[in-house]
Amino acid sequence: MQQEQMQHQQRHSIEVASNDLVYRQVNLQDSTPTGAQIAAASGFKPDQSPVILQMFESGAQEDIRPDETVTLSEGVNRFIVVESDRKYLLMVDGARYEWPSKHISGHTVRKLADVEPGKRLLLEREDEADQEIVDTHLINLDKDGIERFITRKPIWKLNIQGEVYEFDKPIVPVREAIVAANLNPNLDWHIFLMVRDQPKQALEIGDNIDLRPEGIEKLRLTQKDVNNGEAALPLRRDFKLLPRDEQYLDTVGHRWETRNTSEGGRWLVIHGYALPDGYSEKVVQMALNIPPTYPNTMLDMFYLYPAVRLANGGEIAQTQVQGQIDGVTFQGWSRHRSWDPANDNVVTQLFMADGCLLKEVGL
């Protein structure tokens, strides 16, 4: 008997939402309720005269009068029930919708019209460009005429060498991105993908770039034969780094060496280190001073050769310290942070350096 009652209740359950389109389940004792019964089950009193809209899986809507009977289906039965003295009209891709509130958000338009994730939502304009609508936009429906929305395929954006390019697909081959930026894909490039809050990632010409994750920021390229006049000398390995440091440097594709210098220092030197746009140099040597007791002793600052300025000629604060590496004067960037020997290393220090370099030019 109890099981039959549960089945009976389930058969006559409906889902109702207000203008936030967050549905909740309520139960009815009648499989053919009136609009007034639906409103009462939703918590409305008779004198509130709510607007009742039945929402169909197809996306269509139907206005239900208080005395009108609804036959509930075996599937999901959804209704919007809102206190309002009128309904407002809008259209999405030619389909007509009713809405019981004066304002509607971009987020609600998407939910109401079941717009696919990733699609762009645009509000049509007659005498100006269509307005792209984001979730937080509020649109006033109480204007002359009907507000008409259209959807378009998503656009994926990538900053390549300081210019933003648009793609109509989320997975873009590196070669295609280089061609889109009017660069020669057949040259020998250092290719790095800059991702917010992550170390830069080395890519090859045959790789793909997934533009869907949050934080994709920039594709940086520098020609491998640009070396500031450095001779192609054999790389020194005067001392070892931590295994994870060496693995990272090799994986990213850096040309690096460790030097015990004539001045008595211990240095990691990375050749052909690409800088962000906004500096007087495109490629430098990056150096880190590695104490003998590293990683228990922190890595402090980072050093560049040649010394750099801003592209507009401006000086950079706190870069007057100098480091001597085998008779060459490196520009020291006085940038400091806390240090955790268990988690910090060359990789996190380079990550810090990249963040400082980006911040200085407002990227």
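At what angle do helix 5 and helix 6 pack, and how far apart are their axes? I looked this up in a predicted model. Helix 5 (residues 243–252) packs against helix 6 at an angle of about 50 degrees, and the axes lie 8 Å apart. I therefore record helix 5 and helix 6 as oblique to each other, since angles under 35 degrees count as roughly parallel and those from 65 to 115 as roughly perpendicular.

I then listed the residues of this contact. Helix 5 contributes Arg244, Asp245, Tyr248 and Leu249, while helix 6 contributes Val346, Val347 and Leu350. I note that these residues divide into 5 nonpolar, no polar and 2 charged.

I find an open sheet of 6 strands in the order 20-21-22-23-25-24, with antiparallel pairing. Strand 20 (255–260) and strand 24 (321–325) stand at the edges; each has a single partner strand, so one side of each is left without a neighbour in the sheet. I read an average twist of 30 degrees from one strand to the next.

Within the sheet, I looked at strand 21 (residues 266–274) and strand 22 (residues 283–289), which pair in the antiparallel sense over 6 bridges. Trp267 stands opposite Asn289 of strand 22. Helix 6 (residues 346–360) packs on the sheet and touches strand 21, strand 22, strand 23 (302–305) and strand 25 (328–333). I note about 135 degrees between the direction of helix 6 and that of strand 22.

Last entry: Gln54. I place Gln54 in strand 3 (residues 50–55). Gln54 is buried, with a relative accessible area of 8%. Beyond its neighbours within four places in sequence, I find Gln54 in contact with Ala60, Gln61, Glu62, Ile64, Val70, Arg78 and Phe79.

How values were computed: Residues are numbered from 1 along each chain as its sequence is written. This is a predicted model: local features need pLDDT of at least 70, side-chain atom pairs count only at pLDDT 80 or more; totals for chains, interfaces and linings use all residues. Side-chain values use heavy atoms; hydrogens and water are left out. Helices (H or I, at least four residues) and strands (E, at least two) are DSSP runs, numbered from the N terminus. Buried means under 20% relative accessible area, exposed over 50%, partly exposed in between (1.4 Å probe, protein chains only). Contact means heavy atoms within 4.5 Å. Two strands pair if DSSP finds at least two bridges between them. Axes are lines fitted to C-alpha atoms, for helices over the stretch in contact, and angles run from 0 to 180 degrees between N-to-C directions. Angles under 35 degrees count as roughly parallel, over 145 as roughly antiparallel, 65 to 115 as roughly perpendicular and the rest as oblique. Ala, Val, Leu, Ile, Met, Phe, Trp, Tyr, Cys and Pro count as nonpolar, Asp, Glu, Lys and Arg as charged, and the others, Gly among them, as polar.
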